[in-house]
Amino acid sequence: MKSIPSAAERTSFVQSLLQWFRITNRDLPWRRTYNPYHVWISEIMLQQTQMDRGVTYFLRWIKRFSDVQAVAVAEEQEILKYWEGLGYYARARNLHKAAKVIVGEFGGVVPCDYHRLLTLPGIGVYTAAAIASVAGNFDVAVLDANVARVYTRLYNLDTPVKEQKTQKRLREIAENLLPKGQARAYNQALMDFGGLVCTPKNPHCVRCPVAASCRALHAGTVAGRPVLGPKKNMITVHKVAGFIRWKEKVFIQQRKAGDVWGGLWEFPGGEIAAGEGGAEGEPVVQVVSEILQDTGLSVALVKPLTRVMHQYTHHKIILHCFLCTLEGEKTEPMLRSACSFRWVLLDELTQFAFPAGPRKLIEYVRASQPEFLTGDVHS
Ligand code: SF4
């Protein structure tokens, strides 16, 4: 692997990138003051969503939680509700825990010191570097998948990007290129550049401000950089879920802490083997027995509602949703996979945070089954 050979060429790359950033710098809410709390929230949110969506979530969050104290004293349920739709809920829970530490141990001020940041729940090397450099303008290089992509192309690195030796090389490059005293501008320029110009697919090489420094462009290998490892196969999981009605209410349960979706709410059910209703049009009677196993509640199947899909890491989850009614008088469940439950009115569902699958079911009910919202559903 070769380096960009001269200090002059490194300077040329850095100056071209900074010049590009001066012209294109987007007016983002956390860039107005570089308040460390704002930078922290934006960094965590933007790890899992597009910029436009991230800005919407950020503004909504800051309106409700104006400072770190407000986050620290909030109920976890409210934190999850404001995070709902972003996914990766462990990040929201860690953010909540970190806010408590900041209030309890750091006087309520989000630190800009890289090593201090690393002691906080949910803050790893990338996030600590981003907060320290963007909020504090400390000389700390950032390296995430976005930045790695830019550097593997710039240096035409031909080893798999996730390999340890490639990562070590990338870190050296990142530290070598970082212009002292300009980490705030440079790191943001790099992140914006990776998101807007040197994109994963079809990078905009014809209008690239650093094309002269790009070895992959000159070697004709852009499409093959970064070198990716073998793709993980997508695993398809079929689940059934019951929308159980009793009088005017519907049953929801809360997943246990430590679970993937711990603290979030869902409709009861369970995983079924492929073929047990995975096939189009095949009735899925397992929902009744799955609900019995999951909650101890006896229900009757009324009708299929919809089938929704969502993805979690390399899992594709197909949720087969059914309308059920409660049989008998027993409304108190014996929970197996959940830690608490509620019987709620349909309008009250908006007060709870749900993962993507159940949320799509709620949207379906609201959009296409208006009679559900008004009264009994014996059909
Ligand atoms: S020339 Fe293309 S591949 Fe190289 S840095 Fe610019 S956008 Fe990325």
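The model is predicted, with a mean pLDDT of 91 over the chain and 93% of its residues at 70 or more. The chain has 379 residues, of which buried residues make up 34%, and its secondary structure comes to 15 helices and seven strands.

**Confidence along the chain**
- Residues 277–283 have a pLDDT below 50, and beyond near neighbours in sequence this stretch has eight contacts in the model.
- The pLDDT is also below 50 over residues 373–379, a stretch for which the model has ten contacts beyond near neighbours in sequence.

**Overall dimensions and contacts**
- Taken along the principal axes, the box filled by the C-alpha atoms of the chain is roughly 80 × 50 × 35 Å.
- Of the contacts in the chain with a separation of 6 or more, 68% are between residues 24 or more positions apart.

**Packing of α2 against α3**
- Helix α2, residues 36–46, packs with helix α3, residues 51–64, at an angle of about 135°, and their axes are 10 Å apart.
- Because angles over 145 degrees would count as roughly antiparallel and 65 to 115 as roughly perpendicular, α2 and α3 are oblique to each other.
- The crossing in which α2 passes α3 is right-handed.
- On the α2 side the residues in contact are H38, I41, S42, M45 and L46, and they meet M51, G54, Y57, F58, W61 and I62 in α3.
- Sorted by class, this contact of α2 with α3 has eight nonpolar and three polar residues, and no charged residues.

How values were computed:
Residues are numbered from 1 along each chain as its sequence is written. This is a predicted model: local features need pLDDT of at least 70, side-chain atom pairs count only at pLDDT 80 or more; totals for chains, interfaces and linings use all residues. Axes are lines fitted to C-alpha atoms, for helices over the stretch in contact, and angles run from 0 to 180 degrees between N-to-C directions. Helices (H or I, at least four residues) and strands (E, at least two) are DSSP runs, numbered from the N terminus. Angles under 35 degrees count as roughly parallel, over 145 as roughly antiparallel, 65 to 115 as roughly perpendicular and the rest as oblique. A crossing is left-handed if the near helix is turned anticlockwise from the far one by less than a right angle, and right-handed if clockwise. Two residues are in contact if their C-beta atoms, placed from the backbone, lie within 7 Å. Ala, Val, Leu, Ile, Met, Phe, Trp, Tyr, Cys and Pro count as nonpolar, Asp, Glu, Lys and Arg as charged, and the others, Gly among them, as polar. pLDDT is the predictor's confidence in each residue, from 0 to 100. A residue is buried if 20 or more other C-beta atoms lie within 10 Å of its own, exposed if 12 or fewer, and partly exposed in between; C-beta atoms are placed from the backbone.
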